[in-house]
Each structure stands twice: as structure tokens, then as C-alpha cells.
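Biologist: Hi, could you walk me through this structure? I'm new to reading models like this one.

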Amino acid sequence: IKAVEAWAQVTLFRRQAQGVTLTAEGRDVAKAFTRAFDEMAKATQTLRNLSPTSEIHIAALPSVAQLWLPPRLGHLRTLRPELKISVSAMEAPPSLTRDLFDVALFIDNPTENPEERILAEDVLFPVCAPVLLDSHAFTDTPLLHDQTWSEDWRLWSEGTGTDVGDPTAGPKYSLYGLAVEEAKSGAGLLMAHGCLIAPLIETGALCRVSENEVPTGKALVMTLPYPSRRKAGLEEVADLLSGPLLL
């Protein structure tokens, strides 16, 4: 940016200890450059979609990439062995207008975007390993926490009126998948996100410890690029990914 400012002899940003802000000149050109970059992204996507190689790029929340996606990718590869599939785990959804992804999978607030598919409501309920099922107690069994969803235990406790002691106490993990593995090993109680944990409940790796559940207002959302920017056959791939999982 400094090189561009030096070349144009125009200051585009004010640099302060709290961050940067656009100058009046920066605001004047921001919209034009935004349109230009969007058009460059569109041209790049069009060029990439002309490739004869069937390659699908998926962006997903880490917990979705670790827990929800793998069995569905296996099913997809069985049905479409010619596909090359890559997955990037990231904490925030990418811009499918600019970033070169074909599918985005995130637990997020649904919007009016017509390219979104709501795959499952996000609901909370506690689970544990079978070994703890008959001996657990909310107030003296460790509560396991994912750092990203640090409010889960409080939300469920308040939503159901259940006393869990201190809803912030207990081991904390930077990845939800790590917390899940600890719960499977019997380390404590975990607040489950139903759409992610359902297969583990069906296989018996984890057990529900309460039938009470609390919706978060969010959902597991699949987002596709605008139709004009999609690869041929992407809708079929999306249908296979979002269809029911046969265990």
C-alpha cells in the first residue's frame, strides 16, 4: 500500500495506534477499486472453471471439517471418483465473490442469501462417554469447553434452568474436535452441537445426558457461489454433500 501511495503521490490511509482509516482520497477510490477487484475475481473464477480437471475447493469451519465433512467426502468420492477435493479449515466464511472456493460450510446465522442451504439447526445439549453416563453430575464432573464457543454451557444452563455450577470452569480447547476426543475418552461432559455430534451418538461413542436442548439461533449453512460463477455440475456435488448420511 505504501508503494502505491508513493507512486500515486496520494495518501490513502491514516495510520494510527488504534489501526488504519481511509482518508477522503481513499474513500473516493475505494468503490472503483472494489468493483475492479470483483471483476478480476470473476474473470479468475471463469478461467479456473474452464479447466477440464474436476476439482472442488471447500471452505469449512474447523469443527465442520473435522466432524461433519469426512464421512460425506468418503461417500462423495465413492460416487464421483474422478473428483479432486480440497478442504480449507477457517474460522470465518470466505467471500465466494472473491475467494476461489466452490462450497462454504459454516455454523452461522442464516441470511436471505438465495445461494444458502440450511442443512441443520444448531442446537445444544450435553453429552459424555458411556463410561460416565451413570456416574456424572453437572456440578462435580469436569465441563469441557471449546474456546470459540465459550458460552455454550452458560447458554444451555440458562435456557434449561439446569444448575451446572460454574459454567466457565473446566478444561478449554482451541479446537472443538479436541474437546470431542477428550469427551470420548471420558475426561468430562461436553456441550454438543447436535449437527456435529449426531453420528457419534448413533455409533455409541458419546451419549446424551439430557433430553433438554437449546437452539442457538444459528444453523449449519452450505453456501455456493452465484450461479454464473459455479463450475458445471456443482449443484449435483452440493446435493450429494448435503444429502442424508448413511452410517
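Biologist: Let me start with a detail. Which ring does the charged end of R208 sit over?

Modeller: The ring of F125. The charged end of R208 is 3.7 Å from the centre of that ring. Keep in mind that this is a predicted model.

Biologist: Thanks! Now the big picture. How many helices and strands does the protein chain have?

Modeller: There are seven helices and 11 strands. The C-alpha trace spans about 70 × 50 × 30 Å along its principal axes. Of the 247 residues, 39% count as buried.

Biologist: And what about contacts between residues at least 6 apart in sequence: what share joins residues at least 24 apart?

Modeller: That share is 77%.

Biologist: Let's move to β9. How many of its five residues are buried?

Modeller: Five of the five, so strand β9, residues 189–193, is largely enclosed by the rest of the structure.

Biologist: Which way do the side chains go there, and which residues point one way from β9?

Modeller: L189, M191 and H193 point one way, while L190 and A192 point the other way. Residues on both sides are buried.

Biologist: What about the neighbours? Does β6 pair with β9 in the parallel or the antiparallel sense?

Modeller: Antiparallel, over four bridges; β6 covers residues 116–128.

Biologist: New topic: aromatic rings. How many aromatic pairs does a search of the whole structure find?

Modeller: It finds four. One of them is F138 with W156, a tilted pair with 5.4 Å centre to centre and 50° between the planes.

Biologist: Where do F138 and W156 lie?

Modeller: F138 lies in the loop between β6 and β7, and W156 is in helix α4, residues 152–160. The pair therefore ties together parts that are 18 residues apart in sequence.

Biologist: Are those two buried or exposed?

Modeller: F138 and W156 are both buried. They also belong to one aromatic cluster together with W153.

Biologist: What kind of pair do W149 and Y176 make, and why?

Modeller: That pair is edge-to-face because the planes of the rings stand at 75°, and over 60 degrees counts as edge-to-face. The ring centres are 5.2 Å apart. W149 lies in the loop between β7 and α4 and Y176 in helix α5, residues 176–184, so this pair ties together parts 27 residues apart in sequence. W149 is buried, and Y176 is buried as well.

Biologist: Since you mention α5, which of its residues are buried?

Modeller: Y176, G177, A179, V180 and A183 are buried in α5. They cover an arc of only 160° around the axis, so they are on the same side of α5.

Biologist: What covers the buried residues of α5?

Modeller: The cover includes helices α3 (62–79) and α6 (194–203), along with strands β6, β7, β8 (172–173) and β9.

Biologist: Last one: which residue with a positive phi follows α5?

Modeller: G186, with its phi near 90°.

Definitions and conventions. Residues are numbered from 1 along each chain as its sequence is written. This is a predicted model: local features need pLDDT of at least 70, side-chain atom pairs count only at pLDDT 80 or more; totals for chains, interfaces and linings use all residues. Side-chain values use heavy atoms; hydrogens and water are left out. Buried means under 20% relative accessible area, exposed over 50%, partly exposed in between (1.4 Å probe, protein chains only). Helices (H or I, at least four residues) and strands (E, at least two) are DSSP runs, numbered from the N terminus. Two strands pair if DSSP finds at least two bridges between them. Rings of Phe, Tyr and Trp (its six-membered ring) pair if their centres lie within 6.5 Å; planes under 30 degrees apart count as stacked, over 60 as edge-to-face and the rest as tilted. A charge sits over a ring if NZ of Lys or CZ of Arg is within 6 Å of the ring centre and within 35 degrees of the ring normal. The arc is that of the directions from the helix axis to the C-beta atoms. Contact means heavy atoms within 4.5 Å.
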